[in-house]
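Hi,

Here is the structure I said I would pass on. Have a look at it first, and my notes follow below.

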Amino acid sequence: MNGTEGKIVLVTGASSGIGQACAELLSARGHTVYGTSRKPAAEPQGYRMLELDVTRDDSVRRAVDTVLEREGRVDVVVNNAGFALAGAIEDTSLEEAQRQLDTNFFGVLRVCKAVLPGMRARGSGLIVNVSSLGGMVGLPFQGLYSASKFALEGLTESLRQEVAAFGIQVALVQPGDVRTAITDNRVRARGADSGSVYQEAFEAALRIIEKEERAGAHVDTVARQVLELMTRKQVAVRYAVGHLSQRLLAGTKAVLPSRVFERILMSYYGL
Ligand SMILES: NC(=O)c1ccc[n+]([C@@H]2O[C@H](COP(=O)([O-])OP(=O)(O)OC[C@H]3O[C@@H](n4cnc5c(N)ncnc54)[C@H](OP(=O)(O)O)[C@@H]3O)[C@@H](O)[C@H]2O)c1
């Protein structure tokens, strides 16, 4: 894929944060961008917004069909829509866990399945899945969030191999902490509050998580990485983005003895 000419781009979750930054940057660079939101408000400048709830098959189908009807193709998809669930795993209900996976993992799967037939028919396409450092490292009190992103990492590795023969490329972008509304939009497991044996440790870890997010990298660092991928002939499987110490985390995990790495992580989160 060559990013010099105008591409038709679909960015999920473009009402806020990373998705909004991607939609703004890619449209400013001459690409035709369709952003999505469950409740699109005013039409932003430079790109169009479509209604899309990634947890609903019909909603995904409708949004992708709209782009195909208007433009005839989807060249690039940025699977970005997502949210963060927090709480001890024991305090998280199955229903809450399923909701997390339904958005962060099955949402991406739904969108991929909707765009792949068209990409295959044309013999080209780029899918960028927004993962997280939490997709490389299991983070305490963000276990279901990490699980959703680990699942996304596995799906992406497999999908890349299956669709390469059709000229379709798939990559993961793994942001570290980024300053967005993800902090205020975080969903707390209902069991995490009253009477949980984990409450004190959870609240202490959450304060650290939120502080790091509020001091996180600017959304444009992620958007620039996505734009850069669109200029590549071949994309690699994963691209870590954000503060250097966080970008090195996955490498640190790979080289340190697992016990040492875990101790460092636990002490960081006050465990
Ligand atoms: N910020 C970070 O530190 C960070 C770090 C690593 C990875 N990420 C990942 O980056 C992505 C974007 O997060 P963000 O930080 O930009 O958060 P954000 O500011 O809260 O934005 C989340 C976006 O996702 C959309 N969304 C949520 N649930 C949805 C659903 N069911 N269907 C469709 N859209 C949905 C929201 O749109 P509506 O509410 O308008 O529908 C919103 O546009 C997520 O996948 C997140 O896991 C973020």
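**Around the ligand**

Of the 29 residues around the ligand, the ones that come nearest are Ser 15, Ser 16, Ser 37, Tyr 145 and Thr 180 (a residue counts as near if one of its heavy atoms lies within 4 Å). Before going on: this is a predicted model, where local features need pLDDT of at least 70 and side-chain atom pairs count only at pLDDT 80 or more, while totals for chains, interfaces and linings use all residues. Residues are numbered from 1 along each chain as its sequence is written, and side-chain values use heavy atoms, with hydrogens and water left out.

By class, the shell has eleven nonpolar, 14 polar and four charged residues (Ala, Val, Leu, Ile, Met, Phe, Trp, Tyr, Cys and Pro count as nonpolar, Asp, Glu, Lys and Arg as charged, and the others, Gly among them, as polar). Helix H1 (17-28) and helix H4 each give at least two residues to it (helices are DSSP runs of H or I with at least four residues, strands are E runs of at least two, and both are numbered from the N terminus).

H4 (residues 143-163) has 21 residues and reaches 30 Å from first C-alpha to last, close to the 30 Å expected (1.5 Å times one less than its number of residues). Its buried residues include Tyr 145, Ser 148 and Leu 152 (buried is under 20% relative accessible area, with a 1.4 Å probe and protein chains only). Their cover includes helix H3 (94-122) and strand S6 (125-130).

Asn 104 lies in H3 and is buried, at 1% relative accessible area. Setting aside neighbours within four places in sequence, Asn 104 is in contact with Tyr 145, Ser 148 and Leu 152, among others (contact means heavy atoms within 4.5 Å). A polar contact of 3.3 Å joins the side chains of Asn 104 and Ser 148 (a pair of N or O atoms within 3.5 Å, one able to donate a hydrogen and the other to accept it).

**Asn 129**

Is Asn 129 buried or exposed? Buried, with a relative accessible area of 0%. Asn 129 is in S6, and its side chain makes a polar contact of 2.9 Å with that of Asn 79.

Cheers

Methods:
Buried < 20%, exposed > 50% of the residue type's maximum accessible area, 1.4 Å probe, protein only.
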